[in-house]
Number of protein chains: 2
Amino acid sequence: MRTLLLAASAVLALSLPLAAQEAAKPAAPAPSEIVAAAPKADWVAIPAEDLLVMTLAPDADGKPRQVVIQLMPAPFSQGWVHNIRLFARAKWYDGISVNRVQDNYVTQWGDPNYDNPEATGKPKPLPEGLKVMGEDEYTASLAEWQNRNAERDRARQDKEAADLVLRPAETEPYPAWQSIDAYANNVNFYDGWPVATVWRNSFPQAWWPTHCYGMVGVGRNYSPDTGSGAELYTVIGHAPRHLDRNIALVGRVIEGMQHLSSLPRGSGDLGFYTAEESAKRTPIMSVRVANDLPMNEQPAFEYLSTESETFATYAEAIANRRDPFFITPAGGADICNIRVPVRRVAR
Amino acid sequence: MRTLLLAASAVLALSLPLAAQEAAKPAAPAPSEIVAAAPKADWVAIPAEDLLVMTLAPDADGKPRQVVIQLMPAPFSQGWVHNIRLFARAKWYDGISVNRVQDNYVTQWGDPNYDNPEATGKPKPLPEGLKVMGEDEYTASLAEWQNRNAERDRARQDKEAADLVLRPAETEPYPAWQSIDAYANNVNFYDGWPVATVWRNSFPQAWWPTHCYGMVGVGRNYSPDTGSGAELYTVIGHAPRHLDRNIALVGRVIEGMQHLSSLPRGSGDLGFYTAEESAKRTPIMSVRVANDLPMNEQPAFEYLSTESETFATYAEAIANRRDPFFITPAGGADICNIRVPVRRVAR
């Protein structure tokens with residue numbers, strides 16, 4: 001990673017003629033450099049109750065494979081999140097497998113004998129206490145949410161309106177445009193998550209999380225089924241945003257994504273492994289809520305507050321890349337290309 | 001794949017009461033079904049001169065791995081496309097390797113000893129006759145292009161303006177919106193390729209191809225270098241559209257994408273394989289222009305004309321999924337989620 005030399009070049013500038021000062025001007029920081037320079041206060045600890053540690057069977061070289069998933073906070077998908085913790089605590093996920101890897105779409109794991117065109121045995125019985133959710137829970141009601149915390153919400157909305165405009169570099173003659181979106185009236189970030197909004201009659205009506213790379217969702221059958229959480233998937237290609245509001249999103253992979261994205265693709269319909277390919281199904285040894293692990297085994301993570309100044313600077317720099325490799329800043333960015341920074345920290 | 005039963009249900013409807021007719025109404029076709037029903041005339045043959053056949057070393061199970069790349073037609077990137085055919089015909093690519101696999105970004109191949117932080121030997125000399133391109137060639141001048149074929153262009157522009165509006169399903173109360181884009185003033189398709197446009201003073205100024213999943217581009221060093229074509233990459237994650245107008249796009253993978261997207265990720269900077277991981281570099285045995293192969297070894301492909309009625313119907317169906325799995329059509333679609341259908345055909 002390029003090192004920021006702001007202090008050094010400021011001193012240098014005093015003793016150089018103008019043209020050389022221009023040449024010595026420090027390079028615009030890359031988005032990753034802006035994140036690296038964020039103050040400690042801009043980072044938010046992720047509760048251990050929101051972390052799932054999924055251990056896959058070791059790879060062909062015998063190397064361990066661990067995936068960490070951050071579960072989604074309220075007001076989104078809390079019924080499914082409840083179920084997922086319940087499945088994990090019942091050790092129900094232990095011994096299931098990755099059954100589907102569809103290129104540029106999803107990697108999906110669950111009981112290989114449940115609703116799988118290539119099933120060879122009987123499905124595993126589900127644990128007791130699972131909630132059943134309605135389709136209206138794919139989105140969160142903004143009205144209800146505003147009632148819960150009207151003051152905080154008003155302050156946030158003012159701030160979001162200001163943050164949203166990702167203007168192109170001032171040196172560019174292109175017209176300014178917003179972080180506009182083909183799938184919603186508005187896209188933004190809320191408590192560390194990418195969200196989209198739809199308006200009716202000039203008022204926001206519903207918010208929902210967006211299907212970006214690495215997001216984790218709940219497999220389901222045809223409507224009115226909404227899925228229990230027994231079957232999960234993660235996005236391994238271009239954001240399939242048409243799934244927004246049609247499937248529950250429950251979290252995102254924050255570590256070990258490569259263990260799910262680089263698996264061999266299935267050659268059956270929808271990328272399921274065929275019966276002949278059943279050896280390619282990656283076994284899932286265990287899935288644990290981090291909070292249930294012994295303290296010294298609990299991983300700890302922080303995300304960069306999406307309400308921080310640093311995040312706004314980072315998003316703007318993604319929309320207008322001025323770091324040395326770039327010659328034409330885009331002047332905008334897709335919500336799924338503004339990845340919320342997450343880092344592992346010592347506990 | 002679900003079978004379309006339009007004819008059968010039309011007969012059935014004559015003998016059923018109204019409620020049952022409703023129930024028997026054929027399901028709205030999925031985008032893939034619209035493509036499958038396209039008339040032969042809507043498919044366009046890809047010239048063998050535009051097809052590159054890249055043979056990787058067999059996989060760990062000894063299975064062959066072949067990737068087919070379609071090179072981009074005029075008016076885009078023709079200097080680099082010239083170079084790539086020259087590299088292939090000089091057999092320069094034979095024996096190079098995949099050196100970089102960065103999750104949610106790119107898989108990149110080239111001479112492992114050229115400009116690679118993990119190089120261990122001397123770079124391979126380049127062939128004679130390579131063109132050197134300027135940065136202005138990352139985009140195509142619309143003015144020049146219009147001069148070349150003003151009449152065809154006017155007809156196309158009228159049609160494109162009509163096609164562009166991807167209206168939401170009529171049953172949805174959401175406002176209509178276009179296939180809008182965070183990276184350009186307009187996005188569309190031209191001769192089978194996704195393209196973006198920027199306007200100044202209400203006139204389109206330049207067009208360029210977009211960095212969607214599977215697109216192939218030319219690695220380069222810092223500006224003013226624009227790359228020769230010796231180093232190529234393909235997109236294996238969410239479209240890195242900020243690279244548009246900053247790197248030359250030269251084609252797309254149309255078969256065998258999984259051989260590049262499912263490779264193990266490199267653990268060095270930018271996803272390069274480290275010296276310790278050099279065994280993970282996938283060898284590239286050969287790259288041939290299909291036209292140079294014996295006739296019986298030449299693969300043949302067609303793409304669905306992006307100027308056809310079928311393509312407009314397909315794009316609209318992607319923006320407004322009404323097939324049985326979906327409960328809330330999006331009302332729009334990202335340019336990179338409207339994948340141009342390509343199929344292999346018998347020669």
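Guide: Two residues are in contact if their C-beta atoms, placed from the backbone, lie within 7 Å. This is a predicted model: local features need pLDDT of at least 70, side-chain atom pairs count only at pLDDT 80 or more, and totals for chains, interfaces and linings use all residues. Residues are numbered from 1 along each chain as its sequence is written, while chains are lettered from A and ligands numbered from 1 in the order in which they are written.

Visitor: Among contacts in chain A between residues at least 6 apart in sequence, what share joins residues at least 24 apart?

Guide: The share is 69%.

Visitor: How many helices and strands does chain A have?

Guide: Helices (H or I, at least four residues) and strands (E, at least two) are DSSP runs, numbered from the N terminus. Chain A has eight helices and 15 strands.

Visitor: What percentage of chain A is buried?

Guide: A residue is buried if 20 or more other C-beta atoms lie within 10 Å of its own, exposed if 12 or fewer, and partly exposed in between; these C-beta atoms too are placed from the backbone. Of the 347 residues in chain A, 43% are buried.

Visitor: Which residues have the most contacts inside the largest nonpolar core?

Guide: In soluble globular proteins, nonpolar side chains tend to be buried together. A nonpolar core here is a set of buried Ala, Val, Leu, Ile, Met, Phe, Trp, Tyr and Cys residues joined through C-beta atoms within 7 Å. The largest has 162 residues, and A:Ile69, A:Val250, B:Ile69 and B:Val250 have the most contacts inside it. Take B:Ile69, leaving aside neighbours within four places in sequence. B:Ile69 is in contact with residues including B:Leu52, B:Met54 and B:Val216. B:Gly251, B:Arg252, B:Val253 and B:Ile254 are also among the contacts of B:Ile69.

Visitor: How many residues of chain B are in contact with chain A?

Guide: 43 residues of chain B are in contact with 43 residues of chain A. On the chain B side, strand 8 (193–200) and helix 7 (258–261) each supply at least two residues. That side divides into 20 nonpolar, 13 polar and ten charged residues. Ala, Val, Leu, Ile, Met, Phe, Trp, Tyr, Cys and Pro count as nonpolar, Asp, Glu, Lys and Arg as charged, and the others, Gly among them, as polar.

Visitor: What is the order of the open sheet of three strands in chain B?

Guide: Two strands pair if DSSP finds at least two bridges between them. In chain B, strand 1 (residues 43–45) and strand 14 (residues 300–304) run antiparallel, joined by three bridges. B:Ala45 stands opposite B:Glu302, and B:Val44 has B:Tyr303 as its bridge partner. Strand 14 of chain B also pairs with strand 15 (residues 342–345) of chain B, antiparallel, over four bridges. There, B:Ala300 partners B:Val345. The open sheet has the order 1-14-15, with antiparallel pairing. Strand 1 and strand 15 of chain B stand at the edges with a single partner strand each, so one side of each is left without a neighbour in the sheet. Neighbouring strands of this sheet are turned by 35° against each other on average, direction ignored. Axes are lines fitted to C-alpha atoms, for helices over the stretch in contact, and angles run from 0 to 180 degrees between N-to-C directions.

Visitor: Which peptide bond to A:Pro224 is cis?

Guide: The bond from A:Ser223 is cis, with omega near 10°. A:Pro224 lies in the loop between strand 10 (215–218) and strand 11 (232–235) of chain A. In chain B, the peptide bond from B:Ala74 to B:Pro75 is cis, with omega near 10°. B:Pro75 sits in the loop between strand 3 (65–71) and helix 4 (78–89) of chain B.

Visitor: Is A:Arg245 buried or exposed?

Guide: A:Arg245 is buried, with 25 other C-beta atoms within 10 Å. Its phi is near 70°, a positive value in a residue other than glycine. B:Leu270 also has a positive phi, of about 60°, and is not a glycine. B:Leu270 is exposed, with 12 other C-beta atoms within 10 Å.
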